[in-house]
Amino acid sequence: MISFILIVLASLFFTGIINRTKSITSGRKGPGIFQPMKDIVRLLKKGSVYSKTTSIIFQIAPSIYFASIIMAIMVIPLGEYKGIISFEGDFVFFAYILGVGKFFMIISALDTGSSFEGMGASREALFSMFAEPAFFILMGSFALLTGHTSFQEIFASMHFGPYISYILGVLATFVLAMITMIENSRIPIDDPKTHLELTMVHEVMILDNSGFDLGMILYATNLKFAMYGALIANLFMGSFPLYLTIPFFFGIQILFAIAVGLLESFTARFRMNHNAQYILALSSVSLLIFLGVLVILGQLN
Amino acid sequence: MPDSLLFYLAILLPAAGIISIPLLPHSIKAKANFIFVCLVSTVTSILAVKALAGNYVELIIGKILVFGNISFHIDSLSAWFILIINLTCINGAFYGIGYMKQYHLQRTNLSLHWMLFLLFQASMLWVCIVQNGLTFLIVWELMSISSFLLVIFDHQNKTTLKAGINYLVQMHIGVLFLAAAFIWVYFSEGSYEFSAIEKFFSSNTNLWLFLLFFVGFGIKAGFIPLHSWLPQAHPAAPSHISGVMSGVIVKLGIYGIFRIIFLLKQDYIVLGEIIIILSVLTGLYGILNAAVHRDLKKMLAYCTIENIGIIGIGIGLGLLGMGNGNSLLVVLGFTGALLHTLNHSLFKSLLFFSAGSVYQQTHTRDMERLGGLINWMPQTAMFFLIGAMAIGGLPPFNGFVSEFLLYSGILLGIKSIGITHITLMIFSLAGLAIIGGISMLTFTKSFGTVFLGTPRTHLHQEPKEVSIIMRLPQYFILIIMLSIGLFPKFYFLVVNAIVSRFIPNISGESLSIPVSLINSISAIGKYAMLFLLLLILIYFIRKSLTREHPVALGSTWGCGYASPSSRFQYTGKSFSKSLGKLLNFIVLEKKKFKEIGTSEIFPAERNYSSHYNDFFAVRIFDKIVDRLLYSLNYFQFIQNGNIQMYILYGIFFIVFVFLGTVFKLV
């Protein structure tokens with residue numbers, strides 16, 4: 001329960017910090033860190049415009065997407081405190097419930113009958129598909145390392161291993177951070193600030209959403225950021241007492257947000273037609289973690 | 001009622017149906033078929049439920065000429081498959097009543113069709129019942145032939161006929177392997193009974209005989225590279241037949257593999273490794289092809305291959321468990337495989353039925369000609385959507401339950417000893433994940449192209465929602481699917497009871513399922529329910545908050561262009577193009593077009609066509625067949641069309657046999 005509340009709190013300022021970092025690095029003062037939330041609240045109060053082509057799918061998809069993110073957040077633990085949902089193999093549930101949301105966002109983009117949105121939908125489906133094995137190999141390696149298969153048990157028992165497991169933690173951070181970028185369609189996979197429909201991925205999928213639905217989708221993105229941030233925080237948290245865990249959690253979230261901001265300020269995006277290969281290469285980093293686990297367990301002789 | 005009577009009824013009822021259907025008036029043939037299917041199903045289901053409860057049903061007909069003793073036997077494995085067959089056939093027969101109405105002019109053809117349907121169901125049931133090799137081959141053959149004749153219902157169509165004959169030939173290659181296997185056992189043990197196979201396994205190497213059986217059954221099941229009949233036969237058949245074929249006939253290959261596995265005595269590990277690798281590749285290959293094809297039913301057929309791969313991963317896991325003495329792994333692998341067998345028969349028949357409804361209304365299976373059907377056929381769209389989600393393994397539907405079992409099995413297998421198996425498990429984990437990813441791409445593409453957006457071509461007749469007769473069985477399947485998704489524990493315990501009967505008790509430990517596993521399985525049902533509730537809650541909050549908000553209608557954003565046409569839409573082909581391009585060494589695209597020449601200042605109108613070829617068919621089998629045909633040319637002089645020569649061959653043969661017997665050579 002505590003992790004759920006913390007993630008929701010972190011989601012309130014996460015994108016704000018990213019935007020602020022980006023403004024500062026580009027020499028602007030920039031908006032306050034709660035500005036994205038204010039925008040979302042304003043959107044929630046607005047009316048909507050629907051395309052004549054769309055059907056019921058377009059109406060329900062944002063709600064399903066939002067619900068799937070909420071369900072996924074419930075699975076995330078905080079150090080040794082379990083999430084609301086915790087059972088053996090819960091990370092499979094986590095990945096598949098996120099899949100439900102993605103499925104509906106893709107078909108809702110196709111529902112508009114637009115050429116651009118289909119393009120975005122196709123890219124989203126392709127990129128998230130290639131990111132899938134990276135996540136599963138990562139979690140499989142941790143399951144092998146710790147002998148457990150639920151998020152909470154894996155994270156809680158990772159810290160009793162030798163120090164080499166922290167190196168794995170660093171690699172895992174990289175994999176999870178990249179998955180975050182893919183799932184949230186940020187640089188280097190996609191540029192949310194691009195102005196040409198042809199080069200967008202996620203933004204182009206929600207071109208026709210407006211009002212309350214758009215607000216929900218945008219807020220879901222913030223939640224997703226905080227959710228992956230929480231996963232990364234969990235990699236290093238171990239079994240601290242609660243008064244240390246909470247500041248540590250927010251520390252990691254803020255650091256992660258600043259890192260994303262810096263990354264977006266100083267790197268260009270990948271070439272669109274090579275994105276798939278870049279993402280697939282992420283699986284090889286996961287495989288590196290797998291090899292590291294084999295070394296720790298002494299299976300490689 | 002005594003069991004033997006029920007057994008005889010299971011033979012007599014279909015026979016009665018086959019005799020009576022041609023005599024009945026034309027208008028009630030389909031309904032009569034449905035009633036007979038139901039009767040046969042009731043009779044056999046009683047036996048099956050008895051067997052599931054633990055009372056194995058047995059009947060032995062003694063001393064028949066060549067066959068020896070023929071034993072009929074329903075154990076819990078047969079019972080599980082009998083129930084799946086009955087469920088799918090009842091749905092198929094009911095759906096068929098509505099679906100075949102469009103062909104009401106072809107009277108004799110229809111009459112034959114319904115007779116064959118009964119024979120088809122009965123032969124599949126018998127396959128699960130008989131325990132004698134020779135009888136098994138006969139009923140297996142009956143099943144293949146009746147399904148072949150069902151496939152070629154539309155036999156005036158050349159492609160249908162070609163697909164049918166391809167199917168027939170491939171099935172007989174399969175029978176060849178099975179026959180060889182049974183004969184091998186006969187020569188070594190002197191009996192065709194299945195118990196003789198067990199005797200054979202305990203005294204000989206298991207590997208080769210098993211592989212022989214595996215190839216025979218694998219052709220039916222559609223493991224690569226033996227799958228090439230599937231994507232041809234399924235689109236050719238009428239939709240309720242494709243539903244039943246993909247739902248069950250393919251699964252009887254799985255039944256055969258299971259039957260032989262439970263007789264095995266050794267070599268578990270090497271067989272497990274072979275099956276897992278083959279299955280992961282089958283799954284990847286199947287779904288990759290499904291992603292690029294534009295024929296709706298061909299896409300579904302390739303997707304069947306993918307699901308056979310998923311089932312195979314479960315079988316392989318179970319075998320590894322048997323070899324390592326890890327009974328929990330056996331349970332997870334085999335229950336995952338058996339439950340996925342049921343699940344797949346449910347959602348695949350649902351998908352084929354809804355594809356059939358689309359075909360009936362639009363007379364095309366080409367996705368690129370469709371679009372926006374959700375406006376005219378909302379319920380069919382919902383069926384397809386739910387089937388698509390379930391087949392992708394998305395909660396809260398049933399596909400997730402069996403995939404979760406397999407994931408749990410793999411995660412358990414990861415802890416096994418030895419780097420080979422650990423790597424194998426990581427390989428299948430990543431494989432299963434990527435299969436899930438591509439299947440999401442495949443089904444968002446199909447659903448989006450067929451049902452969403454605006455119509456891509458002008459249809460001659462405006463489509464409308466199909467009749468209630470065609471919708472009812474789909475609702476029925478939907479309810480069962482949801483029940484598995486929301487209450488998985490019950491189904492898991494049923495399948496677990498089947499599996500635990502067949503596991504040889506390794507190292508004397510009694511088989512107990514850990515509480516945490518049971519908890520996990522009930523948890524996925526519980527949380528799937530929670531997800532549904534949350535979803536409804538959010539939707540209603542949205543609805544109540546936005547009630548006052550102004551709503552406007554406009555056209556889709558087209559970069560400021562205000563009169564978009566349906567040609568602007570993203571096509572299914574382009575949706576999956578980037579995937580196909582990345583993996584163009586596996587999915588072979590064949591394009592036909594004429595490049596614009598340099599001297600052509602005013603280019604004339606031209607055509608562009610592209611289609612995807614099956615890698616194994618084009619790169620391997622076609623080449624072998626070409627060589628074979630070429631070399632067989634040299635023997636043409638034997639078949640010279642001269643009838644006197646043929647009679648001479650006969651005389652040669654008789655003389656040969658005569659001399660052989662005289663000199664005791666034969």
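**How chain A meets chain B**

Let me begin with one pair of residues in this predicted model: the side chains of B:Arg542 and A:Asp213 come together in a salt bridge, at 2.6 Å from N to O, where a salt bridge is a side-chain nitrogen of Lys or Arg within 4 Å of a carboxyl oxygen of Asp or Glu. Between chain A and chain B the count is 1 salt bridge, while over all chains the same rule gives 14 salt bridges. The pair runs from helix H19 of chain B, residues 515–545, to helix H9 of chain A.

A word on conventions: residues are numbered from 1 along each chain as its sequence is written, and chains are lettered from A, and ligands numbered from 1, in the order in which they are written. Because the model is predicted, local features need pLDDT of at least 70 and side-chain atom pairs count only at pLDDT 80 or more, whereas totals for chains, interfaces and linings use all residues; side-chain values use heavy atoms, with hydrogens and water left out.

Turning to the interface as a whole, 78 residues of chain A are in contact with 71 residues of chain B, contact meaning heavy atoms within 4.5 Å. The area buried between the two chains is about 6400 Å², and carbon and sulfur atoms give 77% of that; buried area here is the accessible area, with a 1.4 Å probe, that two parts lose on being put together, summed over both. A:Tyr96, A:Phe103 and A:Met129 supply 12% of the area that chain A buries against chain B, more than any other three residues.

Finally, chain A itself: its secondary structure comes to 11 helices and 1 strand, taken as DSSP runs numbered from the N terminus, with helices (H or I) of at least four residues and strands (E) of at least two. The C-alpha atoms of chain A fill a box of roughly 60 × 40 × 40 Å along the principal axes. With 301 residues, a compact globule would have a radius of gyration near 19 Å, and chain A, at 19 Å, agrees with this; the radius is taken over C-alpha atoms, and the globule rule is 2.2 Å times the number of residues to the power 0.38.
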